[in-house]
Amino acid sequence: MRPSDLWRRLRWWGRVLVIAAAGRLISTAILVWFAQRQPANAWTGPSPAYADFASLWDGRWYHIVALSGYPAELPVDADGHVAENAWAFMPVYPAVVRLVMGLTGLGWAPAAVVVSVLATLGATLVFYRLMRLVLDESTALFSVVLFSVAPLSPILQVAYAESLHVLLLAAALYLVLTRRYLPAAGVIAVMCFTRPSGLAFSLFLVLHVLVRWFRCRATGESLRDLVPPAALAVLSGALGLAWPAIAWAVTGSITAYTDTELAWRSAYIGHGHLVPFAPWFQGLDWWATNGLGLPESPWWGILGVAVLALLAVLGLLSPPARRLGVDLRLWLASYLIYLFAVFFPQSSTFRLLVPLFPAAGAFAVPRSRVYRVCLVIACIAGQIGWVLIAWRVDGYDWTPP
């Protein structure tokens, strides 16, 4: 039997898992190659095993959460500012890994890799089903290829919560698009304690409700039909604020969570309070003057934000993106607005773009074989570049993933 005949005989999930496994093997080969050449660092000795290499950076914070939980008293630096601590990392992923450790006897590093890889395989299956709501089978399968080899896909098989979050987010989007709001509520509740996403998803649901409201006359829906998604929007927003509230209740500081998050950007712009929508202006100013060596000017941030906003709008309105339908584009827009509101641009921003994974469907739309081959090659090259710049530790490394 020819391979093409065998491929056609496979069920949809078999094809998706073959693609997903191939993508993970490619990323594993890249990570192993870098692990073999990794010098000794703050977390491992030279040439660490794969699982240890996969547990660098924030993987150690998740390890701390799994074993010790969260501090009741916020640590402070010599100047009295809140220092980096475990409150920046949500509990679901380390709790799942801790459970697997107990069931299997595995140590943290291998158990974390097992959880991440299994979550990624599940996420790939759900992603395909999500794409089939808006794309034909061939295009949906190629979107799975892009999802599996994307430049940031190595993050899906290391000791980070991204893989589990992508699984939950893909499931939540699928349930909303198929208008199954009650099960979506349960998925969103877990998702909001896996990675910060409740506020972005709440904005998406608000826009989802508004679009349906404007279309009520054409679709024949009543206002009663909008109650479930509106209630889900409120729930998602409340859950998005729940973790900061829990940090406040435990530590006694109303700004415990935001102060903790701000500690990671203090090396760039010093300490201060979170001012929504200011970080990107501050960050692009910093990168222009300190990263590119340009003369100081208040216009760098404004110009940079304007260019990025224009590119985002053009991308969302492009013909390939329109194939995704309104709801998935609303999610992409909502998450971009959320990133713009609260995050500071640095090397970890690339990782924060992972929830934009539905955009892979838009990139999969063109059918040119040359385009598709070149895009896959570019994605794999992007993986190598990301691991080289962000994941590999190079002395005093200021480009964390």
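I started with Asp-58, which counts as buried because its relative accessibility is 14% (buried is under 20% relative accessible area, exposed over 50%, partly exposed in between, with a 1.4 Å probe and protein chains only). Asp-58 sits in helix 4, residues 58–68 (helices are DSSP runs of H or I with at least four residues, numbered from the N terminus). I looked up its partners too: leaving out residues up to four places away in sequence, Asp-58 touches Phe-89, Tyr-160 and Arg-351 (contact means heavy atoms within 4.5 Å).

A note on what I'm reading: this is a predicted model, where local features need pLDDT of at least 70, side-chain atom pairs count only at pLDDT 80 or more, and totals for chains, interfaces and linings use all residues. Residues are numbered from 1 along each chain as its sequence is written, and side-chain values use heavy atoms, with hydrogens and water left out.

Next, the core. I found 113 residues in the largest nonpolar core, and Tyr-93, Trp-108, Phe-201 and Trp-391 have the most contacts inside it (such a core is a set of buried Ala, Val, Leu, Ile, Met, Phe, Trp, Tyr and Cys residues joined through side-chain atoms within 4.5 Å). Helix 6, residues 108–132, gives the most to this core, with twelve residues. I then checked Phe-201: apart from neighbours within four places in sequence, its contacts are Leu-169, Ala-172, Leu-173, Val-176, Ile-188, Met-191, Ser-236 and Trp-331.

On to the rings. I get 29 aromatic pairs in the structure (ring centres of Phe, Tyr and Trp, the last by its six-membered ring, lie within 6.5 Å; planes under 30 degrees apart are stacked, over 60 edge-to-face, the rest tilted). Trp-33 and Phe-34 pair edge-to-face, at 5.2 Å centre to centre with 80° between the planes. Trp-33 counts as partly exposed because it has 44% relative accessibility, whereas Phe-34, at 6%, is buried. Trp-386 and Trp-391 make a tilted pair, 6.1 Å centre to centre and 35° between the planes, and both are buried. I also see Trp-386 and Trp-391 in one aromatic cluster whose members include Trp-61, Tyr-62, Phe-89 and Tyr-160.

At Trp-12, Arg-129 lies over the ring face, 5.0 Å from the ring centre (CZ of Arg or NZ of Lys within 6 Å of the centre and within 35 degrees of the ring normal).

How values were computed:
Helices (H or I, at least four residues) and strands (E, at least two) are DSSP runs, numbered from the N terminus.
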